[in-house]
Amino acid sequence: MPRREITSFSNPTIKALRSLREKKHRQRERRFLAEGLRLLTDARESGRVPEVLVMAQRRDPHPLIDALESAVEQAGGDVIETTPDILSKITGKDNPQAVAGAFAEWDTGLERIERDTAPIWLVAQALRDPGNLGTMLRTGDAVGAGGLILIDDCADPFGVEAVRASMGAIFTQQLARARWEDFLPWLRGADGSGRGQLVAASLRDAVPFRGAPYTAPCFVMVGNESQGLPLAYEEACDLRVTMPMRGRADSLNAAVAAAVLSYEVLAALD
């Protein structure tokens with residue numbers, strides 16, 4: 001499909017793209033937005049190409065933009081050139097980057113996770129802040145984790161804020177969503193022989209996080225930002241560890257705690 005130009009705010013395609021900033025429309029369309037050349041290039045290099053590529057008029061030429069356009073055209077997608085003002089309306093940013101894309105959401109079922117493909121996996125329970133969710137994806141990419149498993153009612157990983165905070169890791173990390181009552185049997189296996197050590201930061205019967213007996217594949221779990229993990233979830237863990245708090249704070253931000261603990265696990269397993 002050849003590139004087409006749209007310069008009207010009332011165009012149905014522009015309206016449809018704008019609507020993807022809202023969760024109800026994302027869920028209905030099974031599509032989400034990503035903005036910026038780096039994110040879209042990470043997506044392309046990870047094998048994911050936007051169904052719709054939107055480019056600003058009078059943008060600076062760049063070979064990566066050309067590569068994106070070529071990939072979208074080869075996949076039968078839609079390439080649109082529009083004004084910076086309209087691109088700003090689509091992305092919700094006053095100073096949008098030169099490109100944005102609408103991607104099809106992918107399957108996030110647990111059955112797609114192959115636990116032995118990575119030594120570390122991140123698990124978030126009832127994580128409500130999309131920035132924290134995106135940061136955990138980014139951390140997972142940094143430590144070579146297999147992906148992020150979202151337990152119970154977490155923020156939407158395909159929301160604009162989460163995608164932006166992931167810095168492209170939404171495309172490089174596997175992503176799964178499940179209820180606790182489904183996750184734990186999956187982890188343990190039908191006969192209790194499933195492989196995977198479930199680890200959480202805790203104050204209950206915990207050992208120091210440095211030098212703890214981590215084993216692969218290690219599933220590092222953090223809880224809700226304000227309430228932490230439910231007691232039953234902590235009791236189900238194979239290992240509970242504690243991090244020293246040397247100041248007045250009594251806890252770390254959930255995403256920060258996941259990062260600190262992940263690097264300790266990584267060091268232990270290397």
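1. Exposed, as the word is used here, means over 50% relative accessible area, buried means under 20%, and partly exposed covers the range in between. By that cut-off R28, with a relative accessible area of 54%, is exposed, while E29, with 40%, is partly exposed. The two residues form a salt bridge whose closest N and O atoms are 3.0 Å apart. The model under review is a predicted one.

2. K93 is partly exposed, with a relative accessible area of 25%, whereas E35 is buried at 10% relative accessibility.

3. A further salt bridge is formed by D152 and R179, with the closest N and O atoms 3.8 Å apart. This pair links distant parts of the chain, since D152 sits in the loop between β7 (147-151) and α7 (160-165) and R179 in the loop between β8 (174-178) and α9 (180-188), 27 residues apart. D152 is buried, with a relative accessible area of 15%, but R179 counts as partly exposed at 35%.

4. Strand β3 (residues 52-56) deserves a separate look. Five of its five residues are buried, so the strand is largely enclosed by the rest of the structure. V52, V54 and A56 point one way from β3, and L53 and M55 point the other way. Five bridges join β3 to strand β4 (residues 78-82), and the two strands run parallel; the bridge partner of M55 in β4 is E81. E81 is also linked with R3, R59 and E69 in a network of salt bridges.

5. The largest nonpolar core has 51 residues, of which M136, L148, Y214 and L261 touch the most other members. Helix α11 (residues 254-269) gives the most to this core, with six residues. Not counting residues up to four places away in sequence, L261 touches V199, A201, F209, Y214, V220, V241 and M243. A second, separate core of 21 residues includes W121, V123, I149 and A176.

6. L252 lies in the loop between β12 (239-242) and α11, and at 37% relative accessibility L252 counts as partly exposed.

Conventions
Residues are numbered from 1 along each chain as its sequence is written. This is a predicted model: local features need pLDDT of at least 70, side-chain atom pairs count only at pLDDT 80 or more; totals for chains, interfaces and linings use all residues. Side-chain values use heavy atoms; hydrogens and water are left out. A nonpolar core is a set of buried Ala, Val, Leu, Ile, Met, Phe, Trp, Tyr and Cys residues joined through side-chain atoms within 4.5 Å. Buried means under 20% relative accessible area, exposed over 50%, partly exposed in between (1.4 Å probe, protein chains only). Helices (H or I, at least four residues) and strands (E, at least two) are DSSP runs, numbered from the N terminus. Contact means heavy atoms within 4.5 Å. Two strands pair if DSSP finds at least two bridges between them. A salt bridge is a side-chain nitrogen of Lys or Arg within 4 Å of a carboxyl oxygen of Asp or Glu.
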